[in-house]
Amino acid sequence: MGIEIILKIAGIGILIAVVNQVLKYTGKEELTTFTTLAGVAIVLLMVLDLVSELFSSVSSLFNLY
Amino acid sequence: MEILVKIIGIAIITTVAVLIIKQLKPELAVVVGLAGSIIIVIIIVNMLGSVFNIFDGIVERTGVDKELFVVVLKIIGIGYLTEFSANLCLDAGVNSMADKIMLAGKVVIMLMALPIINNLLEIVYGLMV
């Protein structure tokens with residue numbers, strides 16, 4: 001439970017930006033949308049288990065379930 | 001005390017990460033903010049656990065029936081979750097979604113509070129008759 005998840009997501013964001021730049025210079029402009037989509041999908045999957053952990057801990061604390 | 005320092009550290013790192021990512025990939029900035037706030041909330045929720053155990057003890061001693069306290073806890077939980085997600089949508093700039101979440105939260109809280117209101121009214125009628 002620390003900042004590694006945040007830095008991981010930021011790293012993926014920067015990686016996508018770099019990949020898009022490279023694709024732009026090599027002329028493969030149309031691939032950038034797919035790399036962006038792939039990156040966002042990966043990040044959302046990572047955040048998904050965080051959200052589920054949040055909801056389980058909050059609902060167990062306030063016995064909302 | 002050191003938990004507070006940890007939370008402040010996480011918050012600062014998240015803020016910096018969000019600002020950096022906002023230039024490169026605006027849509028990812030929202031997710032970074034979401035991840036950071038979730039981590040902080042989980043830490044806080046773990047801290048709150050012991051507080052509510054103490055409250056349970058107090059409520060039992062006061063003789064108030066446990067059902068009311070459970071409902072109050074639920075309403076606090078719902079209120080907090082609603083506020084958390086509404087702020088998240090505000091950060092992302094989608095104000096209309098934040099208002100919808102707030103409205104939904106209010107309606108759910110209202111539905112949960114109805115039984116208590118009924119009890120209260122019955123007690124009042126009992127007194128007046």
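**Exercise 1.** State how much area is buried between chain A and chain B, and which residues of chain A lose the most.

*Solution.* Buried area is the accessible area (1.4 Å probe) that two parts lose on being put together, summed over both. For chain A and chain B this area is about 2700 Å², with 89% given by carbon and sulfur atoms. On the side of chain A, the residues A:I6, A:L61 and A:F62 lose the most area to chain B, together 24% of what that side buries. The model is predicted: local features need pLDDT of at least 70 and side-chain atom pairs pLDDT 80 or more, while totals for chains, interfaces and linings use all residues. Residues are numbered from 1 along each chain as its sequence is written, chains are lettered from A in the order in which they are written, and side-chain values use heavy atoms, without hydrogens and water.

**Exercise 2.** Classify the ring pair A:F62 and B:F52, and place its members in the chains.

*Solution.* Rings of Phe, Tyr and Trp (its six-membered ring) pair if their centres lie within 6.5 Å; planes under 30 degrees apart count as stacked, over 60 as edge-to-face and the rest as tilted. The centres of A:F62 and B:F52 are 5.4 Å apart and the planes stand at 65°, so the pair is edge-to-face. A:F62 lies in the segment after helix 2 of chain A and B:F52 in helix 2 (residues 26–62) of chain B, so the pair joins two chains; helices are DSSP runs (H or I, at least four residues), numbered from the N terminus.

**Exercise 3.** Decide whether A:F62 and B:F52 are buried or exposed.

*Solution.* Buried means under 20% relative accessible area, exposed over 50%, partly exposed in between (1.4 Å probe, protein chains only). A:F62, at 5%, counts as buried, and B:F52, at 9%, also counts as buried.
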